[in-house]
Amino acid sequence: MSAFKTIQDVWDYLDKIPKFQDKGASASNFAIDNISKFCALIGNPQDSYPSIHVAGTNGKGTTCYLLEAVYSKEGYKTGMFTSPHLIRYNERFRISGKEVDDALILEFFNKYSNQLEECKLTFFEISTALSFWLFAKEKVDIAIIETGLGGRLDSTNIVHPKACVITSIGLDHQDVLGNTEADIAREKAGIIKNETPVILGNISDENEQVLIEIARSKKAPIYRSKDLAPVWDNGILSIESGELVFNTQLKEEVNKWNIASVLYVVKALKNEFPVSSSNLSEAIEIFSGAPARFEKLLSEKDWYFSGAHNTQALKSTLDTAKNISDKPLVIVFSMMKDKLNLETVELMKGCKQLYYHELSTERAAAINEVKDLVDAKEIDKQSYKSIFKEFETSLVIFTGSFYFYSTVKRWVSNC
């Protein structure tokens, strides 16, 4: 492989690799042999710092951002790896809350071009290995690693974390993870390591039993977020009957579980990574949310973006919308064809103003496929400006896919 002379050479190289957003499961490798081989060739950087491993159907991204906020506030140098990126590739890799520079990414590709050629990694495997190397090079105190898909066979599952978090279990990616929630729970439980604390988030009793059985077989200490009895009241979170109260800036009630999970991570790691109660409270209360998770798009308008792309997440988004405003509700959505199903679309049928945008990617659901299930008007790059003028005084939720985010941000910036 020729040397990467500029960062554009890196982008060109990555652009040629099939991606999950375009191809779905066919662009992925659900095995850890390849990533293990590559990381061994470059010195197993993932073993050179402590980490927290986060999996879950929904909530794992927000939980990662919350963990980053808490440990950064305490003064630890944090690394964070999340996916997908929303606008630019660098978003996937953060050091103490800041995206890494192009120069570091270019250095990795220059240094390991021969190994990349030998191992033929997928796009996500490359990203995972790059994150491991970046965090080792930058000598982080602790890294927060989000799984891509599932857990057991996810590329990130070669880390040996100090704590594991499973935020939620729901039906998603059934073609890879299994047809039932119990199957999916077993796949996500694959991140649980021997004698390593596992924190369970918003999980049903049935699925929790699956996870607890696996955790006990590995002698892993178990922390259940429900034991903190989190109560949500319009952004105010009470823990353990008011023993702790957080006045958050968040909109969705589901965040009570994400915060409860973070509290248990802090408790589980208090000896190695102590966090003061004041820094913990301040970090949680000033946290304004992870990007694209019920993110307010304009300060003067009630327009929000939620990357909800499955039934569980979309229900949370629409329930939140009902609670925050009495304004007429408008839903503008875009979906991947493998996410489009009657159960998910049923949630949107009660909305009188429903618009659909077809993304220009192979995996995207076509407008005619959507109209077969629900009465939605089409919105595209020619019509959005005129349509948006009608939304000035409405509550608008843009949703259905994280891959819709860059389009929406571009539209909103041009209004």
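**The sheet and its helices**

Six strands, in the order β12-β13-β17-β14-β15-β16, form an open sheet with mixed pairing. At its edges sit β12, residues 295–296, and β16, residues 377–378, and each of these pairs on one side only. Bear in mind that this is a predicted model.

Strand β14 covers residues 329–333 and strand β17 covers residues 395–399. The two run parallel and are joined by 5 bridges. As for positions, F333 stands opposite T399 in β17.

Now the helices. Which strands does helix α13 lie across? Helix α13, residues 311–324, lies across β13, β14 and β17, where β13 is residues 303–306. Its direction is at about 170 degrees to β17. Helix α17, residues 405–413, lies across β12, β13 and β17. For α17 the angle is given against β13, and there it is about 165 degrees.

**The cysteines**

How many disulfides does the structure hold? The count is 0. Take C39, which is in no disulfide. The nearest cysteine sulfur to it belongs to C119 and is 9.0 Å away, whereas a disulfide needs the two sulfur atoms within 2.5 Å.

Is C39 buried or exposed? C39 counts as buried because its relative accessibility is 0%. C351 has a relative accessible area of 12%, so C351 is buried too; the cut-off for buried is under 20%.

Methods: Residues numbered from 1 in each chain as written. Predicted model: local features only at pLDDT ≥ 70, side-chain atom pairs only at ≥ 80, totals over all residues. Heavy atoms only, no water. Pairing = 2+ DSSP bridges. Helix = DSSP H or I, 4+ residues; strand = E, 2+ residues; numbered from the N terminus. Contact = heavy atoms within 4.5 Å. Axes fitted to C-alpha atoms, helices over the stretch in contact; angles between N-to-C directions. Buried < 20%, exposed > 50% of the residue type's maximum accessible area, 1.4 Å probe, protein only.
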